[in-house]
Amino acid sequence: MLETKTLQELADFLGGVVRGDAHVTVNGLAPLEAAGPDKVTFLANPKYAAKVAETKAGAVLMASGGESFGRNVIEVANPYLGFAKLLTLFYTKPHPPLGVLPEAVIGTNVTLGDGISIYPGAVIGNNVSIGDRVVIYPGAVIYDGVVIGDDSIIHANAVVRERCRLGKRCKLQPGAVVGSDGFGYAPDGSSYYPIPQIGIVVLEDDVEIGANATVDRAALETTLIKRGTKLDNLVMVAHNCQIGEDCMIVSQVGIAGSSKIGNHVTLAGQVGVVGHVTIGDNVIVGAQAGVPGSLAGNAYYSGSPAMPHKDWLKSMGVLPKLPEMRKKLSELEKKIAELEARLVKE
Amino acid sequence: MLETKTLQELADFLGGVVRGDAHVTVNGLAPLEAAGPDKVTFLANPKYAAKVAETKAGAVLMASGGESFGRNVIEVANPYLGFAKLLTLFYTKPHPPLGVLPEAVIGTNVTLGDGISIYPGAVIGNNVSIGDRVVIYPGAVIYDGVVIGDDSIIHANAVVRERCRLGKRCKLQPGAVVGSDGFGYAPDGSSYYPIPQIGIVVLEDDVEIGANATVDRAALETTLIKRGTKLDNLVMVAHNCQIGEDCMIVSQVGIAGSSKIGNHVTLAGQVGVVGHVTIGDNVIVGAQAGVPGSLAGNAYYSGSPAMPHKDWLKSMGVLPKLPEMRKKLSELEKKIAELEARLVKE
Amino acid sequence: MLETKTLQELADFLGGVVRGDAHVTVNGLAPLEAAGPDKVTFLANPKYAAKVAETKAGAVLMASGGESFGRNVIEVANPYLGFAKLLTLFYTKPHPPLGVLPEAVIGTNVTLGDGISIYPGAVIGNNVSIGDRVVIYPGAVIYDGVVIGDDSIIHANAVVRERCRLGKRCKLQPGAVVGSDGFGYAPDGSSYYPIPQIGIVVLEDDVEIGANATVDRAALETTLIKRGTKLDNLVMVAHNCQIGEDCMIVSQVGIAGSSKIGNHVTLAGQVGVVGHVTIGDNVIVGAQAGVPGSLAGNAYYSGSPAMPHKDWLKSMGVLPKLPEMRKKLSELEKKIAELEARLVKE
């Protein structure tokens, strides 16, 4: 059963204002086209404003001053954020604390917080500390000496290796690996001697790691991912890297060893970053780009090798013209030779 | 012990015709060079036709009208398909139904079909429905409310999250993840608010997901992969995507959110597709290409950004000539300046 | 408690020579700037030689003949290798043999070596052979008929499928998959018929597989990774490939089916190699390169499509100049037309 709320209650929850009938009740969210009178819908992109006239929704969440077309409206500063918060309100429930379920395996000297749930098939090592309300799903493996902060969620078959530390509200999607050995070998003539990777990984608060993504432990010290940063599925962060706060690292990005990423950086899908470089704050790197060196902050880069995005757009625009350019160059060469010949003759 | 079959039995099984001695018996398959008289071999690629003269195989599977060089031949319309079917006949056995093995964990209100096998260490949540002859290997985790169709196979440590639905004859390789949260966040000033991902993933019949590949659940509705489509290892399908029937999505491809792929599309290895685009039926996209916008159907594209394959081949052919072109351009510029100077003087 | 060693003991262990006080004792390693008198530090890169004058370390590991600045020195042929060996000496301990822990699941007819550790939640199939001192962490799944050589380490949730064989001292990071089905399908009109993948994977001695990397089993015979080769996280090796000895396959590389890589090859991050090609010994392929055909040995390639690295550097240098070149080309064309017109008039 979905809970029912009045528009006034929703406006209060979001810090917004109702225009229209504040007593109308709704029980969930739906897109503009699909919403019925018991649902709230939202207008985040102004180019769809005309659709508001057609919607059958009980109310429309929109920015202040938008055209209501006679609909009930909840005005908020950021309708997309409001939509996210209402989704949370209507559709997510606090996980019921189940405690340690029978087939879970718990090591010695483990500290368990209040309100936790540890599912069958999860395996917790020795000397582990697990915060309040943490949920650990089946098959997740927590090695010895790990610390997991309050309200973190470890999905099925994720792995956290020895001594790594997770902050509060961290989330590991299924199969994520935190603390695998860094790829470090010392050449020994023709073969490679494995360098023990004795460091750790630290995830600060509100860090999320996507499904089957991997974050390697440092060789000596710490691979660090700072507060609020989100890694998408199949991302690779190599040993000794440092990633700043509130970054978006999109799927299949790879960051080589010892690189430092600033705050509020976005690396789009399949980007590669070489090792030992620095990327400044607020940088955006376009999909599939290859970053071969350090990048100054507050700029948008694309291409492999990466260059300023505008330059890349221009160069890419020329790429399909190359065969024609080459042909023209030959023609001009010929014409010039003819002109020169004629001038000599004269 | 391998089973023994006469050539006539094999021809009947494949809908083919024997040329030569139909009573000869064989017990398996081998390549042209390695096959002995107790093995069938096959000629799929006509450029190896001469090797038939040398083979010691008991019979050769080939297209109608091929040169037999005096060998026993089974003629079929599609020898490569015939080879695949004989491999299945000789080397694969129906999985013996083991039931629920002791160390498997089964939730409440779970429906189990006939002839199933659930291995130790597999964990099945509540309200799950499992079809006939399904096999679930150790460490696989099936969350609450999942539906798995008949004859599906879930390999070790694969994960299917809550409420996702798999059709008949689906196969998940080890570590595959179906239904991880989509990468959706609403910017909230400088940080990111996680948008609950309340949708699901639906895999229709005969869909296969490669090892450690990930398919994210939709934000609101359904990430859909249609009948017969195969995903290779380490592929990423983001939330709200729709992939048509009988597609081949090769290893390490990434498809961003809400994109729609038509039927019978091939995306070669490491291709990236941006979000919110449409790719038409029968498209082929070459390895490592980047698809920045929608692509019309029935065509072959390559490059990053993707362009028609033939254009890309031509442009790539010019790439190594660029330094020479640049030099020549400078020379021509100089010559023209000289010509102009001479004309002025005259 | 860290163990204490004299400089003479360390020099003897490494086959080096002490310059200075051989009786000084140390208990670990630290970087040049951070090391105190109870630590050894090392100078691997001569450009940091001046820092030796400032270090507070008890001793400096360096190449023969380096400037000691009055510090105690251990001279060795290869200081980076020496550093790796001392890390191993000080910080790694042999895994205490735990035997088969209670919640581990062991099949029938399993051979277990001496000094093994099999953790809770690990599942071992039937007819498996496990060598001496092997460690199998929680959630790892070993299918029927697998052979694992002495001193190998299988981390949590790694999977080795049926009949695959691992040599001695192999290491699988968490989530690694060995022996998943190759991506082989026979087109059957518009849909795809799965070709049974009945081959195996063989990893020779000292092979390491990164977290969530995948190595597919061969269709008929063997996918082979030879002695000493290391695969980083999220690497994909397709069916029937052969990779030589002492190769470094960096993160997110994909190698398509049936390709052969020589000895001592380095493929940098995100490289893609198409199927059925050969790469010679001692090849280096730069990050994100795409290898569309066979590559001769003893050379360095970059780019997609890959070309000799020097050529690629030159071409990439021209890329940002393309718009300017195109403009100049138009200007020259115009000037030539003017010159031609003037010559006609005259």
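Okay, let's start with one residue: leaving out anything up to four places away in sequence, Y91(A) touches P196(B) and I198(B). By touching I mean contact, that is, C-beta atoms, placed from the backbone, within 7 Å. Y91(A) sits in helix α2 of chain A, residues 79-91. The helices here are DSSP runs of H or I with at least four residues, the strands are runs of E with at least two, and both are numbered from the N terminus.

Now, the housekeeping. This is a predicted model, where local features need pLDDT of at least 70 and side-chain atom pairs count only at pLDDT 80 or more, while totals for chains, interfaces and linings use all residues. Residues are numbered from 1 along each chain as its sequence is written, and chains are lettered from A and ligands numbered from 1 in the order in which they are written. The scores are ipTM 0.96 and pTM 0.96. Chain A has a mean pLDDT of 95, with 99% of its residues at 70 or more; pLDDT is the predictor's confidence in each residue, from 0 to 100.

So how do the chains relate? Chain B goes onto chain A by a rotation of 120 degrees with 0.1 Å of shift along the axis, at RMSD 0.1 Å. That is the relation of a three-fold axis. Chain C superposes on chain A with a rotation of 120 degrees too, a 0.1 Å shift along the axis and an RMSD of 0.1 Å.

On to the interfaces. Between B and A, 51 residues of chain B meet 48 residues of chain A. On the chain B side, β20 (177-180), β21 (185-188), β22 (191-194), β25 (214-216), α3 (309-318) and α4 (322-345) each put in at least two residues. Which element gives the most to that side? It's α4(B), with 8 residues. By class, that side of chain B has 26 nonpolar, 15 polar and 10 charged residues. Nonpolar here is Ala, Val, Leu, Ile, Met, Phe, Trp, Tyr, Cys and Pro, charged is Asp, Glu, Lys and Arg, and the others, Gly among them, are polar.

The contact between C and A takes 48 residues from chain C and 51 from chain A. α2 (79-91) and α4 (322-345) of chain C each supply at least two residues of the side facing chain A. α4(C) gives the most there, with 10 residues. That side of chain C splits into 24 nonpolar, 17 polar and 7 charged.

Next, the sheets. In chain B there's an open sheet of 10 strands, paired parallel, in the order β8-β11-β14-β17-β20-β25-β28-β31-β34-β37. Pairing takes at least two DSSP bridges between two strands. The edges are β8 (105-106) and β37 (290-291) of chain B, each pairing on one side only. Within that order, β31 (254-255) and β34 (272-273) of chain B are parallel over 2 bridges, and I255(B) has V273(B) as its bridge partner. Elsewhere in chain B, β23 (200-203) and β26 (222-225) run parallel with 4 bridges, and I200(B) faces T222(B) across that pair.

For contrast, look at chain C: β21 (185-188) and β22 (191-194) pair antiparallel over 4 bridges. They make a hairpin with 2 residues between the strands, and G189(C) in the turn has a positive phi of about 70 degrees. A186(C) bridges to Y193(C).

Last, the cores, meaning sets of buried Ala, Val, Leu, Ile, Met, Phe, Trp, Tyr and Cys joined through C-beta atoms within 7 Å. The largest nonpolar core has 325 residues, and I74 and V178 of chains A, B and C touch the most other members. Setting aside neighbours within four places in sequence, the contacts of I74(B) include L7(B), L10(B), V18(B) and L61(B). There's also a second, separate core of 16 residues, with L329(A), L332(B), L339(B) and L339(C) among them.

Terms used:
Contact = placed C-beta atoms within 7 Å. Least-squares fit on C-alpha atoms with pLDDT ≥ 70 in both. Buried ≥ 20, exposed ≤ 12 C-beta atoms within 10 Å, placed from the backbone.
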